[in-house]
Amino acid sequence: MSSEHDEPQPFRYDAEVDPGETRHIQYEVGETYLGRPVEIPVTIINGEHAGPRLCLSAAMHGDEVNGVKVLQEVADRYEPADLHGAIVCLHVVNVPGFIAQQRYLPIYDQDLNRSFPGTSSGSTASRMARVIWDRFVSKCDMGLDFHTSTRNRMTVFHGRADMEDEGIQRLVEAAGIPLVISGEGSSGMLRRVATEKGTPIVTVEMGEANRFQPMLIDLGLQAVENVLAAHEMHPEATPRRTEFQKVLTSEDQKKWIRAENGGLVEMKWGPLPIVDEGETICVISDHFKTEEHVVTAPFDGLLVGLLANPRVLPGHPLVHLVEIDDEDREHVRQAYEDVGFARHGIFHWMGKMGERMAESVRDRQLNRGADNR
Ligand SMILES: [Zn+2]
């Protein structure tokens, strides 16, 4: 990593972006059936001043678009004159999936996020990964890779990263990500390969596929701003973070609770996404309401992922529950109160929440508190 005392350097992919320049390019990573180039949109903001290089990537899975909006805003927001180091935005990594509005690369359903670092003689996915790796990711010092839940589900804002790695620990701390599920990741995953090769990358998971969810997009932008501030990459970057930080390891209890029956799902938890052991999470019923199956929490936990489709078959995931203790619970409650319920969550994902809506949420919390007494 270069320090602020170094001379600013050009950013080289197979061309050069000089210090002080922003360049928007369409970079060829493959070919269509028609022999035309498949190009991914890339922005390189190379600061006038020396500093680290931050790689931001989105739509590695083609239908996960919240991060696409984060990167569009980042590319528009930061000027090279103020920047120490460089920001590389890979706006849409999986362009064929993005066009088809699907997760995987079309036709053979290859997962680009199991194909890194790739080879130039491998599958389509592997070749694409290789170009992206060689030209851009490997040139950077750290990165955030923005994802969402797979379709029909949604997830709270959280990170996935190997917290055993010191570079990752520093990056998670810098980004101010409140909840991290720690693990090295599957083989071929961008974050795993990059971290192993010395460019720590954290996967940022947020929200639903095929949506722009403004509250979550704001949190994504704030995470970028936090990283810029922590590395003194931008004089006006203002860090903002919650006090709450929780890292879940393989030792901690976490579980996707699955439906045992087919039917219609009605969620019963709320308003905060915390449930006590034995508390009803949801009810699955038939059309006549003659059969109702109550799904209860197997342990005290925080709901970090949720079904976003009210029809289920036996085996379909309903909620992703992670175990929390009393201290965590208080932190979560505090975090939701400090930053506003909606800012943290998945729950008001359709747009900005007005003050009145915030009040009604607070009222419901108070009423619920009163009921419990
Ligand atoms: Zn994804």
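# Notebook: a look through the model

I started at Asn210, which has 13 C-beta neighbours inside 10 Å and therefore counts as partly exposed. The model I am reading is a predicted one.

Entry 1. I looked up Asn210 because its phi is positive, near 60 degrees, and the residue is not a glycine. Asn210 sits in the loop that runs between β11 (201-205) and α6. Most residues other than glycine have a negative phi, and most peptide bonds are trans. I found a second case at Gln101, whose phi is near 55 degrees, again a positive value in a residue other than glycine. Gln101 is in the loop between α2 and α3. Is Gln101 buried or exposed? It has 12 C-beta neighbours inside 10 Å, so it counts as exposed.

I stayed in that loop, between α2 (95-100) and α3 (124-135), for Pro117. The peptide bond joining Phe116 and Pro117 is cis, with omega about 0 degrees.

**Entry 2. Helix α6.** I checked the length of α6, residues 214-230, against its residue count. At 1.5 Å a residue, 17 residues should span 24 Å, and the end C-alpha atoms are 24 Å apart, so the two agree. I then asked how many residues of α6 are buried. The count is 12 of the 17, so the helix is largely enclosed by the rest of the structure. The buried ones include Met215, Leu216, Ile217 and Leu219. Gln222, Glu225 and Asn226 are also among the buried residues of α6. After the helix comes Glu232, with a positive phi near 50 degrees.

**Entry 3. The nonpolar core.** In soluble globular proteins, nonpolar side chains tend to be buried together. I looked for the largest nonpolar core here and found 96 residues in it. Which of them touch the most other members? They are Leu56, Ile87, Val88, Val202 and Leu318. Helix α6 gives the most to this core, with eight residues. The core draws at least three residues from each of domain 1 (11-247) and domain 2 (253-372).

Setting aside neighbours within four places in sequence, Val88 is in contact with Ile44, Arg53, Cys55, Leu56, Phe136 and Cys140.

**Entry 4. A four-stranded sheet.** I traced an open sheet with the order β17-β16-β14-β19 and antiparallel pairing. The edges are β17 (292-296) and β19 (311-312); each has a single partner strand, so one side of each is left without a neighbour in the sheet. For β19, I looked at the link to β14 (residues 263-267): two bridges join these antiparallel strands. In one of the pairs, Leu264 has Arg311 of β19 as its bridge partner.

**Entry 5. The whole chain.** I noted nine helices and 20 strands in the protein. Of its 373 residues, 45% are buried. I also noted how far contacts reach: among those between residues at least 6 apart in sequence, 67% join residues at least 24 apart.

**Entry 6. Confidence.** The average pLDDT is 89, and 88% of the residues score at least 70. Over residues 341-353, pLDDT is below 50, and this stretch has 33 contacts in the model beyond near neighbours in sequence. Residues 368-373 also stay under 50, and there the model has one contact beyond four places in sequence. Where pLDDT is low, the predicted coordinates should not be read in detail.

Technical notes. Residues numbered from 1 in each chain as written. Predicted model: local features only at pLDDT ≥ 70, side-chain atom pairs only at ≥ 80, totals over all residues. Expected span 1.5 Å × (residues − 1). Buried ≥ 20, exposed ≤ 12 C-beta atoms within 10 Å, placed from the backbone. Pairing = 2+ DSSP bridges. pLDDT = per-residue confidence, 0-100. Contact = placed C-beta atoms within 7 Å. Core = buried A, V, L, I, M, F, W, Y, C linked by C-beta atoms within 7 Å. Domains from an automatic or database assignment.
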